[in-house]
Amino acid sequence: LMYLDGGVYLDTDTIIVNPFDNVPRNSIGFQDAAEDRLNGAVLSFEPGSEYIKACMQEFFSTFNNRAWGNNGPHLLTRVFFGKAEGENTTYTKDWDVQTVN
């Protein structure tokens with residue numbers, strides 16, 4: 001749905017303390033600055049985002065239900081920083097994506 005229709009996704013345990021109007025489209029939550037890790041708890045994307053498309057390709061290529069985070073924050077981070085591990089996937093593109101804290 002995010003790829004097709006765009007929009008905002010929030011985990012159910014996300015607490016909004018400021019107006020959400022200023023969060024730009026094509027943005028993703030930043031989980032840990034020390035480790036350069038992104039977090040999928042807050043996503044805001046326009047329809048047809050190339051970043052979301054690349055994440056879907058990486059998901060189908062590297063799915064692992066035994067490694068915590070492999071299909072979530074680690075996947076988002078790999079694709080964002082151009083370190084995708086999937087078969088025939090090398091994303092070296094500068095994404096039009098911002099991180100938000």
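This is a predicted model: local features need pLDDT of at least 70, side-chain atom pairs count only at pLDDT 80 or more; totals for chains, interfaces and linings use all residues.
Q: Let's start with the second largest pocket. How much space lies in it?
A: About 260 Å³.

Q: Which residues line that second largest pocket?
A: The lining is made of Leu-1, Met-2, Tyr-3, Leu-43, Ile-52, Cys-55, Met-56, Phe-59, Asn-71, Gly-72, Leu-75 and Leu-76. The elements giving two or more residues to it are helix H1 (2-5), helix H2 (50-62) and helix H3 (73-80).

Q: Ok, and which element gives the largest share of the lining?
A: H2 does, with 4 residues.

Q: What does the lining of the second largest pocket look like by class?
A: There are 10 nonpolar residues, 2 polar ones and no charged ones.

Q: Switching to the largest nonpolar core. Which residues touch the most other members?
A: Ile-28, Leu-38, Phe-45, Tyr-51, Cys-55 and Leu-76, out of 14 residues in that core. Strand S2 (27-32), strand S3 (37-45), H2 and H3 are the elements that give two or more residues to this core. As background, nonpolar side chains tend to be buried together in soluble globular proteins.

Q: H2 keeps coming up. How many residues does H2 have, and how far does it reach?
A: H2 has 13 residues and reaches 18 Å from first C-alpha to last, which is close to the 18 Å expected at 1.5 Å a residue.

Q: Which residues of H2 are buried?
A: Tyr-51, Ile-52, Ala-54, Cys-55, Glu-58 and Thr-62.

Q: And where do the buried residues sit, seen down the axis of H2?
A: They fall within an arc of 160 degrees, so the buried residues line one face of the helix.

Q: New topic: what is the phi of Asn-26?
A: Asn-26 has a positive phi of about 60 degrees, although it is not a glycine.

Q: Where is Asn-26, and is it buried or exposed?
A: Asn-26 is in the loop between strand S1 (7-10) and S2. Its relative accessibility is 10%, so Asn-26 counts as buried, the cut-off being under 20%.

Q: What about Ser-27, buried or exposed?
A: Ser-27 is in strand S2, and it is buried, with a relative accessible area of 1%.

Q: How far apart are the C-alpha atoms of Ser-27 and Ser-44?
A: They are separated by 5.3 Å, with the two residues 17 residues apart along the chain.

Definitions and conventions:
Residues are numbered from 1 along each chain as its sequence is written. Side-chain values use heavy atoms; hydrogens and water are left out. On a 1 Å grid over the protein atoms alone, a cavity is a set of points where a 1.4 Å probe fits but cannot get out, and a pocket is an open set with protein on both sides within 12 Å along at least five of seven lines; lining residues have an atom within 4 Å of a point. Grid points are joined across faces, edges and corners, and a volume is the space filled by probe spheres set on the points. Ala, Val, Leu, Ile, Met, Phe, Trp, Tyr, Cys and Pro count as nonpolar, Asp, Glu, Lys and Arg as charged, and the others, Gly among them, as polar. A nonpolar core is a set of buried Ala, Val, Leu, Ile, Met, Phe, Trp, Tyr and Cys residues joined through side-chain atoms within 4.5 Å. Buried means under 20% relative accessible area, exposed over 50%, partly exposed in between (1.4 Å probe, protein chains only). The expected span of a helix is 1.5 Å times one less than its number of residues. The arc is that of the directions from the helix axis to the C-beta atoms.
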